[in-house]
Amino acid sequence: MPDASFAPNTRKLDVVVIGAGIAGLAAATALRHHNVTVLEQSRLKEEIGAAIHLAPNASKIALKWGLDLDKLGSPEANWYHELGADGNTHFKIPIFAKKEFGAPWLLNHRVDLHNELKRLATTEEGPISPATIRTAAKVIRVDCEEGVVELQDGEVIKADVIVAADGIHSVARTAVLGNQLVAKRSGHSAYRALIPADIVTSNPRIAHIVAGDAQGTGLTTYMGPDRRLVAYPCRRSQYLNIVAIVPDSEAEGSTEQWQVPGRPEQLLESFSAFCDDAKNILRNVSSCALWQLREQDPLETWTKGKVILIGDAAHAMLPHQGQGGGQAIEDAEALGVFLPSSTSPSSVPELLKRAEKVRYERASLIQGFSRAKALGPREGEKVVNAQEHAQYNFGYNGAKEWAEKMGVEVPV
Ligand SMILES: Cc1cc2nc3c(=O)[nH]c(=O)nc-3n(C[C@H](O)[C@H](O)[C@H](O)COP(=O)(O)OP(=O)(O)OC[C@H]3O[C@@H](n4cnc5c(N)ncnc54)[C@H](O)[C@@H]3O)c2cc1C
């Protein structure tokens, strides 16, 4: 007997997305065939002075959505160069992302990526409806079974689907799990800074780190035993982005909020034993932000009733593989696959479970790879080498193919 709850629907679903970060904007884009309202607590005006690279598994999806590379203006990663603290090369490998994985590895200014995702979600162009973004709309309560969210000002909104993309401190996660979860401190903090390119290019020894070399632009890492400095260009190579990961004990005032200011002199001090080239990069940091890195184990579940958690709300991960934003984009794409335009409201809880099933193992594994890379493998955990990580992380072609591999039925 056919299940009546899967009978085709004749109206669009009302979808509420909580949070307009990468996950929320990506979900709003993937679900444009429904009526999408994004609720964002902030005024979406804060510029985050940092970059984020999107590996080919994620850029492939965003390009299918219409990501405009000219508007984005992001350099590509054509190589990865790892050096020791002493400045000696460990290895430099070429990256053929487009050839091997079908999409570029993009080095983005966060604001540029955010703006592009916002454009994709809200543009009037195209046959399907643009999402609405409401700012200063803080969600304080979520009822998973009823599909209701309550805003701080008392407004109550009912939806067929609630996509909780509200980040590492998710309120929706508390409603889904039934208890409040606080991600553990990892023992590391990350400094983030952008340095204008012309300051770096004036030093011929480090100019290539922002301007590129004969092979184009790439990622450079100076690796010490308990700290590392990652540098790559962003925004048409106008800036050098740096992420410097140090022990918490050396990152005074660090919290898990993005915008806590760091002290450039303390940052430089943390790398005092590093080679001159690394220190010469850091000497150009005039302001920086600090972010305390938190570790989270896979959750018991991402779904309850009409709610699904995605992005950092579902699987916050350490940044050592640069996959947190990429996994958020993969989650969003999966929602587009599992909630097609014909979806009936009564089938939503079951379809969200299927989307979770397809995403959970992969995102949890990548979360584990990132932790193992940062903190070392746990007892009994398989050690996966960099080549295996790359094949697993980048060789993803979307939720439909993954579901077929797993034997999970995709709705039509
Ligand atoms: C140092 C560092 C470097 C990183 N580098 C990379 C990288 O190179 N590549 C990569 O892929 N990933 C990287 N990541 C990870 C990546 O930044 C995150 O995984 C990604 O930004 C998470 O996006 P999100 O939308 O899930 O969450 P968030 O970015 O936290 O967005 C959540 C949104 O929800 C809003 N919100 C929260 N609560 C509410 C509420 N109650 N009501 C309404 N709105 C709410 C917030 O204001 C925010 O806008 C890095 C992370 C760190 C810390």
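K373 is partly exposed, at 40% relative accessibility; on this scale buried means under 20% relative accessible area, exposed over 50% and partly exposed in between, for a 1.4 Å probe and protein chains only. The model is a predicted one, in which local features need pLDDT of at least 70 and side-chain atom pairs count only at pLDDT 80 or more, while totals for chains, interfaces and linings use all residues. Residues are numbered from 1 along each chain as its sequence is written, and side-chain values use heavy atoms, with hydrogens and water left out.

K373 belongs to helix α13, residues 348–375. Helices (H or I, at least four residues) and strands (E, at least two) are DSSP runs numbered from the N terminus. Leaving out residues up to four places away in sequence, K373 touches R228, H320 and Q321, where contact means heavy atoms within 4.5 Å. V383 lies 10 residues from K373 along the chain, and the C-alpha atoms of the two are separated by 9.4 Å.

Two packed helices are described by the angle between their axes and the distance between the axes. Axes are lines fitted to C-alpha atoms, for helices over the stretch in contact, and angles run from 0 to 180 degrees between N-to-C directions.

| Helix pair | Axis distance | Angle |
|---|---|---|
| α1 (residues 22–30) and α12 (residues 324–338) | within 8 Å | roughly 25° |
| α13 and α14 (residues 386–394) | 11 Å | about 150° |

The angle of about 150° makes α13 roughly antiparallel to α14. Angles under 35 degrees count as roughly parallel, over 145 as roughly antiparallel, 65 to 115 as roughly perpendicular and the rest as oblique. The crossing of α13 and α14 is left-handed, meaning that the near helix is turned anticlockwise from the far one by less than a right angle; clockwise would be right-handed. On the α13 side the contact involves R362, L365, I366 and F369, and on the α14 side H389, Y392 and N393. By class, these are 4 nonpolar, 2 polar and 1 charged residues, with Ala, Val, Leu, Ile, Met, Phe, Trp, Tyr, Cys and Pro counted as nonpolar, Asp, Glu, Lys and Arg as charged, and the others, Gly among them, as polar.

For the other pair, the angle of roughly 25° makes α1 roughly parallel to α12. Their crossing is right-handed. Helix α1 contributes I22, A23, A26, A27 and A30, which meet G325, A328, I329, A332, E333, L335 and G336 of α12. That contact has 9 nonpolar, 2 polar and 1 charged residues.

S189 sits in strand β12, residues 184–196, and is buried, with a relative accessible area of 0%. Its side chain makes a polar contact with the side chain of D248, at 2.4 Å. A polar contact is a pair of N or O atoms within 3.5 Å; within protein, one must be able to donate a hydrogen and the other to accept it, and residues adjacent in sequence count only if both atoms are side-chain atoms. Beyond four places in sequence, the contacts of S189 include A244, A251, S254 and W291.

A251 lies in the loop between β15 and β16 (260–262) and is buried, at 5% relative accessibility. Besides S189, A251 touches Y191, V246, Q266 and L290, residues up to four places away not being counted.

Two loop residues other than glycine have positive phi. A136, in the loop between β7 (132–134) and β8 (139–143), has a phi of about 50° and is partly exposed, at 42%. R235, in the loop between β14 (228–234) and β15 (239–247), has a phi near 40°.
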